[in-house]
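Trainee: Could we go through this model together? I would like to begin with the overall picture and then move to details.

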Amino acid sequence: MQLQNFSRHPCDHHLTPIWARAQPSPPISNNEKEGWMSNYQKKLQSDQLNFTPHLPFGVADMELRFAVCSGLAALLVAVWAVRILNWAFWKPRRLDRALRSQGLRGSSYRPISGDLKEMVRLTEEARGKPMPFSHAIFPRVSPFFERAAEAHGKENKVTFHWMGPNPRAVIADPDQIREVLTNKTGEIGKPKINYLLKYFIRGVLSQEGEKWAKHRKILNPAFHIEKLKRMLPAFSACCDELVSRWDEMAAKGEEIDVSVEFQSFTGDVISRSAFGINFEEGRKIFQLQSEQTVFIDGSLPFAHIPGFRFLPTRINTRMKAIDKEVRGILLSIIKKREESIKSGTAKNDDLLGLLLESNLQHLREHGNAGLTTDEVVEECKLFYFAGQETTSLLLTWTMVVLSMHQDWQERAREEVLQAFGKEKPTFDGLSHLKTVTMILYEVLRLYPPIMGQRRQVFKSTKIGNVVYPPGVLLYLSALQVHHDPDLWGKDVDEFKPERFAEGMYKASEKNAFFPFGGGHRVCIGQNFALLEAKLALCLILQHFSFDLSPSYTHAPNVVLTLKPQHGAPIRLRRL
Ligand code: HEM
């Protein structure tokens with residue numbers, strides 16, 4: 001086969017190896033062209049009939065390879081195109097039809113971004129305006145949900161909107177919420193979390209199925225009310241530090257931003273009650289975790305970019321370093337503790353000790369099936385994430401609300417002074433406080449630190465009268481239920497702790513109160529949080545009276561949790 005002849009045909013350029021194409025061709029006369037044409041056709045026919053390769057890869061072989069590769073590439077592109085079309089258009093349309101055909105009302109799908117832009121726009125608009133001193137916070141905090149409720153009929157307690165290409169049903173009907181929270185079939189579960197949140201919540205909060213059940217079973221005893229009794233001295237030590245710090249500030253006439261103060265107070269409480277004698281190391285973990293939260297907040301907008309986490313940016317590198325350091329500290333605390341348990345010198349009256357004790361018990365009962373050291377590390381990290389900010393916000397909003405309602409502040413103080421005078425509150429005394437407990441519940445109703453729970457439908461499931469197909473996201477809106485006049489009456493937005501005179505769950509006929517979630521995944525730390533909040537509030541009421549600083553702006557705002565946008569400056573007077 002003459003390569004030179006071959007390469008002179010303009011149409012077979014693609015068949016010619018690149019090094020052969022580069023050879024310069026002399027001009028071709030007409031005769032030469034005809035002769036060449038017939039030669040070429042003959043050659044081609046004989047090649048087809050009697051092919052013998054002269055090169056490592058023959059031309060026909062290469063043609064075949066090229067065709068196969070092009071075919072595969074085209075197939076890949078087609079598969080991806082179908083996937084993208086399905087993700088961005090067909091699946092949303094199918095789900096939209098499935099929901100609407102059952103009478104559910106919601107926004108129309110806008111390809112790819114869904115309602116996210118509108119949500120951000122409305123939230124930004126609401127954040128720009130402070131609100132009057134009122135507890136009707138739902139329109140400011142969740143302007144999109146408020147608008148959706150108006151648009152689709154307030155009587156409809158379920159609507160849906162679009163989180164990108166995924167429909168999300170917002171459920172504000174207490175019975176349906178209970179159905180979801182008590183569903184144990186595996187049809188509904190927690191949505192996947194992104195890699196950033198995994199820095200904090202790899203433990204029981206995000207697990208499912210048997211793994212969750214095992215972790216929860218081992219953790220439960222550590223949070224039992226009787227065990228919490230043993231932690232009261234740790235809580236008390238943190239309260240003493242808080243009161244003496246505030247004492248000094250009040251003496252100087254300084255205002256106190258209680259939102260900042262309670263952040264470090266609740267961080268200290270977790271450090272002391274989780275790690276006992278290793279409290280200082282616990283404090284270091286808290287500082288590192290707080291730094292991590294700032295980086296995570298800043299990185300969330302980039303979390304969806306594939307591979308972003310692997311880029312060696314300054315923040316990514318720091319986040320990994322923090323994670324490593326926290327792990328290192330925790331591993332060393334756990335190791336020391338395990339050794340002291342073995343030698344029988346450990347005093348298991350902190351969360352870690354109780355957790356390790358319960359783990360050993362589980363091992364004895366179930367053989368080699370307890371938590372690994374890594375899993376204990378993850379659970380310890382979770383205590384900070386789940387228990388610190390939430391309790392800090394409960395205390396912050398309680399101070400704000402009691403500053404607005406001086407009559408209730410007085411009533412609470414009377415009760416505390418009657419029960420304990422100026423003495424340290426006792427565990428039993430705290431569990432008998434009625435007014436203080438009612439106040440905390442009413443604050444949790446009006447300002448729930450966690451405003452709702454997220455779930456995802458994994459297998460077709462019926463909730464109320466609607467069958468939800470897989471892929472639908474669910475949002476159980478505690479804030480909306482807590483502020484619903486149909487459930488709480490026309491005075492829903494008034495601060496009326498007497499609603500809870502009969503206890504936590506008797507307040508609303510319709511079980512419309514769930515600041516700690518519900519069902520089998522109800523907050524494991526609710527007794528811990530309430531005990532801590534009661535004790536802190538008692539000590540504050542014993543020592544100070546307080547009101548809002550003139551610089552306070554009422555601006556409840558959501559950044560994962562419900563926070564005061566401009567802090568909570570309070571004026572204290574020593575009693
Ligand atoms: C006022 C304070 C608190 C509030 C409002 C609160 C709220 C909640 C809510 C709503 C859930 C359910 C989440 C869901 O179903 O998706 C939850 C779960 C959880 N909370 Fe709390 N929490 C508080 C304090 C604490 C404390 C102090 C701790 C631990 C020290 C804690 C540890 C947990 C854990 C581990 C879970 C996951 C339970 C599971 O999935 O089995 N929480 N919390």
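Mentor: Let us start with a definition: two residues are in contact if their C-beta atoms, placed from the backbone, lie within 7 Å. Please also keep in mind that this is a predicted model.

Trainee: With that in hand, what share of the contacts with a separation of 6 or more comes from residues 24 or more positions apart?

Mentor: Such pairs account for 73% of the contacts in the protein with a separation of 6 or more.

Trainee: And how many helices and strands does the protein have?

Mentor: There are 22 helices and 13 strands. Of the 575 residues, 36% are buried.

Trainee: Which residues does UniProt list as "transmembrane region"?

Mentor: The unreviewed UniProt entry gives residues 64–90 under that name. In the model this span is 100% helix and 0% strand, and its end C-alpha atoms lie 36 Å apart.

Trainee: Turning to the ligand, which residues come nearest?

Mentor: Gly387, Thr390, Gly517, Cys523 and Gly525 come nearest, out of 22 residues around the ligand.

Trainee: Which helix gives the most to the shell around the ligand?

Mentor: Helix α16 does, with seven residues. Both α16 and α22 supply at least two residues of that shell.

Trainee: How do the residues of the shell divide into nonpolar, polar and charged?

Mentor: The shell has 14 nonpolar residues, six polar ones and two charged ones.

Trainee: Back to cysteine 523: where is it found?

Mentor: Cysteine 523 is in the loop that runs between α21 (485–488) and α22 (526–543). The UniProt annotation "binding site", from an unreviewed entry, covers Cys523.

Trainee: Why does cysteine 523 count as partly exposed?

Mentor: Cysteine 523 has 19 other C-beta atoms within 10 Å, so it is partly exposed; a residue is buried if the count is 20 or more. Beyond its neighbours within four places in sequence, cysteine 523 is in contact with Phe516 and Gly517.

Trainee: Let us change topic to the sheets. What is the order of the open sheet of three strands?

Mentor: The order is β5-β13-β10, and the pairing is antiparallel. Strands β5 (256–257) and β10 (544–548) each have a single partner strand and stand at the edges, so one side of each is left without a neighbour in the sheet. Helix α16 (residues 373–404) packs on this sheet and touches β10 and β13, with its direction at about 85° to that of β10.

Trainee: Over how many bridges do β10 and β13 pair?

Mentor: Five bridges link β10 to β13 (residues 569–574) in the antiparallel sense. In one of the pairings, leucine 548 has isoleucine 570 in β13 as its bridge partner.

Trainee: What about the open sheet of six strands; what is its order?

Mentor: That sheet has the order β1-β2-β3-β9-β6-β4, with mixed pairing. Its edge strands are β1 and β4 (188–189), each of which pairs on one side only. Strands β1 and β2 (residues 158–163) run parallel and are joined by two bridges.

Trainee: Which residue in β2 stands opposite arginine 105?

Mentor: Threonine 159 does. Arginine 105 lies in β1 (residues 105–106). The C-alpha atoms of arginine 105 and threonine 159 are separated by 5.3 Å, although the two residues are 54 apart along the chain. Not counting residues up to four places away in sequence, arginine 105 touches His152, Gly153, Asn156 and Thr159.

Trainee: Is arginine 105 buried or partly exposed?

Mentor: Partly exposed, because 14 other C-beta atoms lie within 10 Å of arginine 105.

Trainee: One last topic, the hairpin of β11 and β12: which residue takes a positive phi?

Mentor: Leucine 560 does, with a phi near 65°, and the hairpin has one residue between the strands. Four bridges join β11 (residues 556–559) to β12 (residues 561–564), and the two run antiparallel. Valine 558 has leucine 562 in β12 as its bridge partner.

Trainee: Is leucine 562 buried or exposed?

Mentor: Leucine 562 is buried, because 21 other C-beta atoms lie within 10 Å. Residues up to four places away in sequence aside, leucine 562 touches Val141, Leu393, Tyr447, Pro448, Pro449, Met451 and Pro556.

Methods: Residues numbered from 1 in each chain as written. Predicted model: local features only at pLDDT ≥ 70, side-chain atom pairs only at ≥ 80, totals over all residues. UniProt positions renumbered as here; feature names shortened; annotations may be inferred. Buried ≥ 20, exposed ≤ 12 C-beta atoms within 10 Å, placed from the backbone. Pairing = 2+ DSSP bridges. Axes fitted to C-alpha atoms, helices over the stretch in contact; angles between N-to-C directions. Near = placed C-beta within 6 Å. Nonpolar A, V, L, I, M, F, W, Y, C, P; charged D, E, K, R; others polar.
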